[in-house]
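Please look over the sequence and the model before reading on. The report below starts with charges, then takes up the chain as a whole, and ends with a few single residues.

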Amino acid sequence: PPRRSVVVIDEVGRMELHSAAFQAAVTRLLASPAEAVVFGALTAPIYGHRVPFCDAIAAHGRVSVDRITQKTRDAVREALQRRLLREVGLREEG
């Protein structure tokens, strides 16, 4: 299969949420045709305080969320590496 572009969003965190231009760019990226694979990190709710923009991203149809804890981080990292290689056409499905 042809290789796809990859976009990495280092973090959608509290500081980034102060930028309307950043939020608009992320919204446009997710609304665009799925020509690029997007990997990123979302800020987690702290003390029950939800972040509506992050909740909206997590609920988007092109988004899958992997919750990372100290116990799961190695397994999640390995799964994301496999997914990335598969998505860009460097590894077969399966």
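In the protein chain, the mean position of the 14 positive charges and that of the 11 negative charges are 2 Å apart. Here Lys and Arg count as positive and Asp and Glu as negative, while His and the chain ends are not counted; the place of a charge is taken as NZ of Lys, CZ of Arg, CG of Asp or CD of Glu.

This is a predicted model, in which local features need pLDDT of at least 70 and side-chain atom pairs count only at pLDDT 80 or more, whereas totals for chains, interfaces and linings use all residues. Residues are numbered from 1 along each chain as its sequence is written, and side-chain values use heavy atoms, with hydrogens and water left out.

**The chain as a whole**

The protein chain has 3 helices and 2 strands, and from the N terminus these elements follow the order β-α-β-α-α. Helices (H or I, at least four residues) and strands (E, at least two) are DSSP runs, numbered from the N terminus. Along its principal axes, the C-alpha trace spans about 40 × 35 × 20 Å. The accessible surface of the protein chain is about 7,100 Å², and 56% of it belongs to carbon and sulfur atoms; such areas come from the Shrake-Rupley method with a 1.4 Å probe, and for residues only the protein chains shown count as cover.

Of the 94 residues, 18% count as buried, where buried means under 20% relative accessible area, exposed over 50%, and partly exposed in between (1.4 Å probe, protein chains only). Among contacts (heavy atoms within 4.5 Å) with a separation of 6 or more, 69% are between residues 24 or more positions apart.

| Residue | Relative accessible area | Class |
|---|---|---|
| Thr43 | 15% | buried |
| Asp66 | 33% | partly exposed |
| Leu85 | 28% | partly exposed |
| Ser5 | 48% | partly exposed |

Ser5 belongs to strand β1 (residues 5-12), and, not counting residues up to four places away in sequence, Ser5 touches Glu35, Ala36 and Val37. Although Ser5 and Val88 are 83 residues apart in sequence, their C-alpha atoms are 7.0 Å apart in space.

Thr43 sits in the loop between β2 (36-42) and α2 (52-59). Why does Thr43 count as buried? Thr43 is called buried because its relative accessible area is 15%, and, leaving aside neighbours within four places in sequence, Thr43 is in contact with Val12, Gly13, Arg14, Val51 and Cys54.

Helix α3 covers residues 73-87, and its 15 residues, at 1.5 Å a residue, should span 21 Å, which agrees with the 21 Å between its end C-alpha atoms. The expected span is 1.5 Å times one less than the number of residues. Leu85 lies in this helix and, apart from neighbours within four places in sequence, is in contact with Leu90 and Arg91. Just after α3, Gly89 takes a positive phi of about 85 degrees.

Asp66 is placed in the loop between α2 and α3, and, not counting residues up to four places away in sequence, Asp66 touches Val76, Leu80 and Arg83. The side chains of Asp66 and Arg83 are joined by a polar contact of 3.4 Å; a polar contact is a pair of N or O atoms within 3.5 Å, and within protein one must be able to donate a hydrogen and the other to accept it, while residues adjacent in sequence count only if both atoms are side-chain atoms.
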